[in-house]
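Please open the model in the viewer and display it as a cartoon. The tour below moves from a sheet to the helices.

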Amino acid sequence: AYRRQRQMCIRDSTMTSYTIAGGGIIGLTTAWTLLQRLGDVEVTVLEKESSVAAHQTGRNSGVVHSGLYYVPGSLKAELCREGKGLLESYCHTRNLPLETCGKVVVATSAEEIPRLDKLQARAEANGVPHERIGPERLRELEPHAFGIDALHVPVSGIVGYGAVCESLRAEIEASGRGSMRLAAKVRSISAPEGSQRAEIRLHGGETTHADHVINCTGLFSDRIARASGATPNARIVPFRGEYFRLTKGAEHLVQNLIYPVPDPRFPFLGVHFTRMVDGGIECGPNAVFALAREGYSWGKVSPRDLADALTWPGTWRLFAKHWRTGLGETWRSVSRKAFVKALSRLVPDIRPSHLEPIPAGVRAQALTRDGNLLDDFAVTSQGGVTHVINAPSPAATASFAIANHIVDVALGCLLYTSPSPRD
């Protein structure tokens, strides 16, 4: 648990240059926030792909999370609630696709009721509007869902994160103080001792400089941090999430968002149903160990990424602790019948013929040496370089608040105090 207090930051009036590595939603909101908060800055965003939001952001299911799941007092809980409001305000003022449609979290067996009780207590602690509902009310909200108990969270929603990123990009470039460079892959960042400016080395041999660099490279954040002289206490281990879309004839089976009661041992929420802002119903994801940091299929293998993961002691400790769960997730990856069985616990009428495969995503999950999944956001700053080490879900929902936090860390504006007993 954290308590944060912002102190006054004194800056001189000279123009300061910032370079952001990474053109996903965290990098773009950070660049936009710098331009909004500081009048005397120039901001450059470097993105290795030919478009923004090409990886985690662009493959996001589009859910606007309420803050229901997260440990009270954690950065996730705090920044999700704050960020949700900022995201919704940004979308409303720019007429971007956004809908507050609500979700149900459904218990399908008596064994899940105690976990649902704990989830409700967490919702209350986090100030998330919710309603405990029984089977009759559940059928009114989701006529084809099965459950013996449920939480209804009316403030959850859906959004087009790709559209948000394109809007941010346009505003950054139109500001007169911000610019985007695509196909610019960062190799390393350093702030040499005695130098007043950080150095950014790109693949291809180019070198550029900035007063401050912020590493928002997602799947490669730890690698960039290590190449820059930092020593993060976790390593990114990629997990692929595979998705299906319901066929047109089966879309009536789901009205909005249907989720299972999550297993508290994992940060993954289990396979679920999501209505999309552009139409259609998405189903998934599972969570399987990926053979590359951008391993969107079993056929994509990176020897370097695989070696990175398998030489990290935490990977083997995670496998040893949760091998049964891992085997189940992998089986659902290779067997559509098994995937459908998991979905049919929530919506019994689902059939294999109702599913069409769609592109998978890969989650940048930070894993500690002792085999624990780093569950909270993690940002660290050293000299003229700030690293976003871990920004898992709900990072997209919280992105505007995370950006404020990143800027605070970069400027040295945060004072941390010990958690109170109440936390």
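Begin with the open sheet of six strands, whose order is β10-β3-β2-β14-β22-β21 with mixed pairing. Strands (E, at least two residues) and helices (H or I, at least four) are DSSP runs numbered from the N terminus, and two strands pair if DSSP finds at least two bridges between them. The model is predicted: local features need pLDDT of at least 70, side-chain atom pairs count only at pLDDT 80 or more, and totals for chains, interfaces and linings use all residues. Residues are numbered from 1 along each chain as its sequence is written, and side-chain values use heavy atoms, without hydrogens and water.

Select residues 178–181 (β10) and 378–382 (β21) next: these strands stand at the edges, each with a single partner strand, so one side of each has no neighbour in the sheet. From one strand to the next, the twist averages 15 degrees.

Within β22, H387 is the bridge partner of T380.

Select helix α1 (residues 25–37), which packs on the sheet and touches β2 (16–21), β3 (41–46), β10 and β14 (212–215). Contact means heavy atoms within 4.5 Å. The direction of α1 makes about 170 degrees with that of β3; axes are lines fitted to C-alpha atoms, for helices over the stretch in contact, and angles run from 0 to 180 degrees between N-to-C directions.

Finally, select α9 (residues 323–334) and α10 (residues 336–344), which pack at about 115 degrees with their axes 5 Å apart. The contact is made by W331, R332 and V334 of α9 with R336, A338, F339 and A342 of α10.
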